[in-house]
Amino acid sequence: ATLVPSTAAGAGATGATLVPSTAAGAGAARATLVPSTAAGASAAPSPALPSRADILGVLRRVNDHWIGAHGNPGDNQWARAAYFSGNMALYRATTDARYLGYAQRWAEQNNYAIHNGVATRHADDHMAGQVYYDLNDIAPDPAKVGAINESIRRMVYSSSLPTKADDWWWVDALHMAMPVFVRVARATGDDAYLRKLWALYTDTKKSRALYDYTYELWYRDGDAKRARSPGGKPVFWSRGNGWAIAAHAKVLGLWPGIDARWPEYRYNIQGLARSLAKSQRADGFWNVNLADPNHLPGPETSGTAFFVFGLAYGIRTGILDRATYLPVAARAWNGMVATAVHPDGFLGYVQGVGYAPESSQPVTTNSTADFGVGGFLLAGTELAKLAS
């Protein structure tokens, strides 16, 4: 990930502060909003969805710029693998052989291997497996998925750690690894992989209590649960919640009907959507802290992009009400295109590698990162499915 300082700082916008409320339906406490104003509000983007051709045109411009600037496809670590997940989504939408070839070259130069080897239990290392499976769908070859299959098999069937389910201590892990478990479960027909996935997910969500049922948002990790913004509000990191909603959308997309067995996957998209609709900025973006618009305010693309992906998936599949949430997703998309996408396709306002609102600051028009581009490609390809 790169972060290039710039004096062209992001414009602020009217935001909203999430505060807990017990006046929620079904006896569950949820969050209500107290409006708050930050300086420099910009014109609100349109809530209307562009045409499919317009959306794909922007995606091509952004991806072509990235590929042109990165002749070497890169390593097999999580950040670059997250980019290639988006690249493959765009390939499926366009069937452009250049995008497939770029991904194949990346996988081949990394030997379809897993960072830190098959013995790793770290979710970040498993992110590459999502792309290896995407490539395997196109031209099946056991060698492409051999390493990721073996790594996940060891997590499920390790003789020394058969019940260990506390590996995912940070919310990013959900996006990096959940879809891989579903992939291996489908490939093997072995339900043990889904049961292990549920155990790992439950530990993150409930045992560690990283999901706050009052705010309907995720803390990034245990430290974030104890943290407070300079204004004394909770810290719900935007990209962390972006990873979460994208994880749920990917899992449901890979295994339609799995929510009949574990409805919490569907419920979590719905809960996140409710909170996101309340905290969206006037310029369509979300702030780096969803609970405090005055905590390092400004547009941020990576969290916003993953939110669009999750919302668009929820709308398309009927998990979310189209009339309620399509304007939210469209405003976010139109805001990103107007503010973050440079004329040459460079994608700005991406917060770099980190774990909190303070990470990789300042976030400016010249801040970009591979995973942010990947999230933007995921967002647009999913949104294009809703467009005419």
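Author: Over residues 1-15 the pLDDT stays under 50, and the model has 51 contacts beyond four places in sequence for this stretch. Here pLDDT is the predictor's confidence in each residue, on a scale from 0 to 100, and a contact means heavy atoms within 4.5 Å. Residues 19-41 also stay under 50, with 56 contacts beyond four places in sequence. Across the protein the average pLDDT is 91, and 89% of the residues score at least 70.

The model is predicted, so local features are given only at a pLDDT of at least 70 and side-chain atom pairs only at 80 or more, while totals for chains, interfaces and linings use all residues. Residues are numbered from 1 along each chain as its sequence is written, and side-chain values use heavy atoms, with hydrogens and water left out.

The protein has 14 helices and six strands. These are DSSP runs, numbered from the N terminus: helices are H or I over at least four residues, strands are E over at least two. Contacts between residues 24 or more positions apart make up 72% of those with a separation of 6 or more. Of the 388 residues, 60% count as buried; buried means under 20% relative accessible area, exposed over 50%, and partly exposed in between, with a 1.4 Å probe and protein chains only.

The packing can be followed from helix α1. The axes of α1 (residues 52-69) and α14 (residues 370-384) come within 9 Å and cross at roughly 160°. Axes are lines fitted to C-alpha atoms, for helices over the stretch in contact, and angles run from 0 to 180 degrees between N-to-C directions. The pair α1 and α14 is therefore roughly antiparallel. In this scheme, angles under 35 degrees are roughly parallel, over 145 roughly antiparallel, 65 to 115 roughly perpendicular, and the rest oblique. The crossing of α1 past α14 is left-handed, a term for a near helix turned anticlockwise from the far one by less than a right angle, with clockwise counting as right-handed.

On the α1 side, the residues that meet α14 include Ile 55, Leu 59, Val 62 and Trp 66. On the α14 side, Val 373, Phe 376, Leu 377 and Gly 380 are among the partners. The residues of this contact divide into 11 nonpolar, three polar and two charged. Nonpolar covers Ala, Val, Leu, Ile, Met, Phe, Trp, Tyr, Cys and Pro, charged covers Asp, Glu, Lys and Arg, and the others, Gly among them, are polar.

Helix α1 has another partner in α3. Their axes come within 12 Å and cross at roughly 40°, and α1 and α3 are therefore oblique to each other. This crossing is left-handed. The contact is made by Arg 60, Asn 63, Asp 64, Trp 66 and Ile 67 of α1 with Arg 98, Tyr 99 and Tyr 102 of α3. By class, the contact of α1 with α3 has four nonpolar, one polar and three charged residues.

Helix α3 (residues 97-109) in turn packs on α4 (residues 123-138), at an angle of about 120° and with the axes 11 Å apart. That makes α3 oblique to α4. The passage of α3 over α4 is left-handed. Leu 100, Ala 103, Gln 104, Trp 106 and Ala 107 of α3 meet Ala 128, Val 131, Tyr 132, Leu 135 and Ile 138 of α4. This contact of α3 with α4 has nine nonpolar residues, one polar and no charged ones.

Some backbone details follow. The peptide bond between Gln 361 and Pro 362 is cis, with omega about 0°; Pro 362 sits in the loop between α13 (322-339) and β6 (367-368). Tyr 349 belongs to the loop between α13 and β6, and its phi is near 60°, a positive value in a residue other than glycine. Tyr 349 is buried, at 6% relative accessible area. Ala 209, in the loop between α7 (192-207) and β4 (211-212), also has a positive phi, near 55°. Ala 209 counts as partly exposed, with 29% relative accessibility.

Asn 289 lies in the loop between α11 (264-279) and α12 (301-316) and is buried, with a relative accessible area of 1%. Beyond four places in sequence, the contacts of Asn 289 include Ser 229, Phe 236, His 295 and Pro 357. Asn 289 and Ala 356 are 67 residues apart in sequence, with their C-alpha atoms 8.2 Å apart.
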